[in-house]
Amino acid sequence: MNNKYVAPPYRIKMVEPIKVTTKEERIKFLKDAGYNPFSLRSEDVYIDLLTDSGTGAMSHFQWGALMQGDEAYAGSRSFFRLEKVAKGITGYKYIIPAHQGRGAEQVVLPQLVTRDGMFFISNMHFDTTRAHVELAGARALDCTIEEAMDTTTYHPFKGNFDLPRLEELILENGKENISGIIMTITNNSAGGQPVSMENMHEVKKIANKYDITILIDGARYAENAYFVKQREPGYENKSIREIALEAFEMADIFLMSSKKDGLSNIGGLICIKEDEDLYNQCRTYIVPMEGFPTYGGLAGRDMEALSVGLEEALEEDYLLHRLDQVRFLGDKLREAGVPIQYPTGGHAVFVDCKKFAPQIPYDLFPAQSVCNAVYIESGVRPVEIGSFLLGRDPDTGKNLESPLELMRLTIPRRTYTYKHLEYVADAVIEVYKNREKLVGLEFDYEPPVLRHFTARLKPVK
Ligand SMILES: *Cc1c(COP(=O)(O)O)cnc(C)c1O
């Protein structure tokens with residue numbers, strides 16, 4: 001049998017009702033929320049595509065494991081189970097849990113910033129990673145390949161490092177000033193785009209040449225490994241576990257938000273290959289930040305669920321279906337002419353709103369306008385990744401212009417069916433048909449920092 005998109009490798013044994021609302025109700029909800037979907041009540045959302053972080057469904061094995069949580073403050077049995085699983089997957093010696101990805105970042109990154117004027121270089125820093133680099137007193141430099149900015153042209157690994165640029169950045173800033181190279185896999189901010197194994201090997205060569213530490217920011221390392229298997233010659237017969245292990249061999253530190261490929265609602269990991277001094281520093285530093293190093297801000301039961309989730313996320317049946325769901329939504333939109341980042345990445349479909357609503361200038365937030373129209377049309381909640389999110393230049397106070405104005409339709413893991421995604425596609429296509437009616441948004445209230453979470457907007461008359 002030749003299926004274009006595979007059926008789910010699971011069946012449903014518990015359901016969570018979601019509320020269907022009318023268009024009139026949604027117009028009011030959105031107005032009350034200041035035209036900012038972050039301020040909606042989730043109850044008033046029919047299909048929530050705000051994020052794939054912590055929003056997935058757990059398996060019955062995970063729910064069963066929750067009951068076995070050992071809530072001891074120190075030396076919890078649940079920690080040792082998690083440690084064993086994480087060591088097995090990464091091949092690393094030292095494992096410390098954290099409450100989520102940013103918890104891991106706030107503990108590890110400052111240890112690598114040993115004096116003023118240091119830098120981290122990444123294919124692309126995720127927002128919280130960038131924030132923790134800056135809080136640690138360092139600067140964050142990005143070097144993704146140019147192809148990532150061109151949404152229409154196919155490239156199998158749009159998340160890749162621009163290797164000549166990487167080397168230039170090291171030479172420009174001095175190798176002794178580089179705190180680390182962060183390989184973000186998949187490259188979240190570039191659209192969940194994968195990084196090839198070949199590219200990682202080249203990054204490793206460069207890091208070795210200049211003696212620089214490599215970190216993997218691997219919230220979606222399993223999705224990345226599956227793309228490698230599908231798209232990179234030489235990997236088609238390797239298991240996901242083998243591919244992941246090859247990636248981990250190249251790095252010294254692995255930081256993970258386990259709310260993604262940990263298939264858990266909360267959790268994070270710090271994994272250190274062999275640097276005992278760094279491990280001891282992190283173990284000390286984590287106590288006042290996250291908690292004692294055998295729980296790191298997690299309940300024992302969370303560590304149990306995570307131990308199971310980490311293994312499940314490496315199953316090929318699961319990964320194939322996961323990536324097919326994203327591809328399905330992307331294909332539906334492309335067939336209708338909606339401009340999207342192509343090919344689709346691992347966790348979301350990104351709609352190119354510069355092309356969708358060219359009549360709206362960047363500082364009236366075209367992608368936010370499209371998100372709002374989709375919510376009113378359907379009750380689906382997307383999220384803006386563009387100039388609204390980017391904020392203002394701290395020196396001039398002017399709105400920064402994002403190179404891409406994107407609406408992200410983020411797919412939670414094991415949560416929605418193909419029928420839900422078809423409904424999402426129909427809604428976006430309907431808005432696309434009426435796209436010339438879309439208008440920009442201006443501020444009613446603008447907070448000084450992280451404005452996208454709490455700002456209130458109003459449509460331009
Ligand atoms: C989500 C994410 C983080 C931060 O993790 P949280 O669990 O949200 O704190 C860091 N890096 C990447 C690539 C992520 O996707």
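Guide: What follows is a set of questions about terms, each answered for this structure. We're looking at a predicted model, where local features need pLDDT of at least 70 and side-chain atom pairs count only at pLDDT 80 or more, while totals for chains, interfaces and linings use all residues. Residues are numbered from 1 along each chain as its sequence is written, and side-chain values use heavy atoms, with hydrogens and water left out.

Visitor: Let's start with the ligand. Which residues come nearest to it?

Guide: There are 15 residues around the ligand, and Q100, R102, D217, S257 and K260 come nearest. To be near, a residue needs a heavy atom within 4 Å of the molecule.

Visitor: How much of the ligand does the protein bury?

Guide: The protein buries 97% of the 380 Å² that the ligand exposes when taken alone. Those areas come from the Shrake-Rupley method with a 1.4 Å probe; for residues, only the protein chains shown count as cover.

Visitor: What is the shell around the ligand made of?

Guide: It divides into 2 nonpolar, 7 polar and 6 charged residues. Ala, Val, Leu, Ile, Met, Phe, Trp, Tyr, Cys and Pro count as nonpolar, Asp, Glu, Lys and Arg as charged, and the others, Gly among them, as polar. Helices α4 (101–112) and α5 (127–135) each supply at least two residues of the shell, and the largest share, 3 residues, comes from α4. Helices (H or I, at least four residues) and strands (E, at least two) are DSSP runs, numbered from the N terminus.

Visitor: Why is Q106 called buried?

Guide: Buried means under 20% relative accessible area, exposed over 50%, partly exposed in between (1.4 Å probe, protein chains only). Q106 has 18% relative accessibility, so it counts as buried. This residue lies in helix α4, and its side chain makes a polar contact of 2.9 Å with that of E290. Beyond its neighbours within four places in sequence, Q106 is in contact (heavy atoms within 4.5 Å) with H132, Y285, M289 and E290.

Visitor: And what about G268, buried or exposed?

Guide: Buried: its relative accessibility is 0%. G268 lies in strand β8 (residues 268–272). Among the residues it touches, leaving out those up to four places away in sequence, are P97, Q100, M256 and L298. G268 and S257 are 11 residues apart in sequence, and their C-alpha atoms are 4.6 Å apart.

Visitor: Which peptide bond involving T186 is cis?

Guide: The one from I185 to T186, with omega near -15°. Most peptide bonds are trans. T186 is in the loop between β5 (178–184) and α7 (197–210), and a relative accessible area of 2% makes it buried. Another cis bond runs from Y342 to P343, with omega near -5°, and P343 sits in the loop between α12 (316–335) and β9 (348–352).

Visitor: What stands out about phi in Y35?

Guide: Phi of Y35 is positive, about 55°, although Y35 is not a glycine. Most residues other than glycine have a negative phi. Y35 lies in the loop between α1 (23–32) and β1 (47–48), and at 16% relative accessible area it is buried. L263 also has a positive phi, near 50°, and is a residue other than glycine. L263 lies in the loop between β7 (253–257) and β8, and its 6% relative accessibility makes it buried.

Visitor: Last one: how is the chain divided into domains?

Guide: The domain assignment gives domain 1 (23–52 + 315–459) and domain 2 (60–312); such bounds come from an automatic or database domain assignment. Their C-alpha centres lie 27 Å apart, and 25 residues of domain 1 are in contact with 33 residues of domain 2.

Terms used. Polar contact = N/O pair within 3.5 Å; in protein donor to acceptor, adjacent residues only side chain to side chain.
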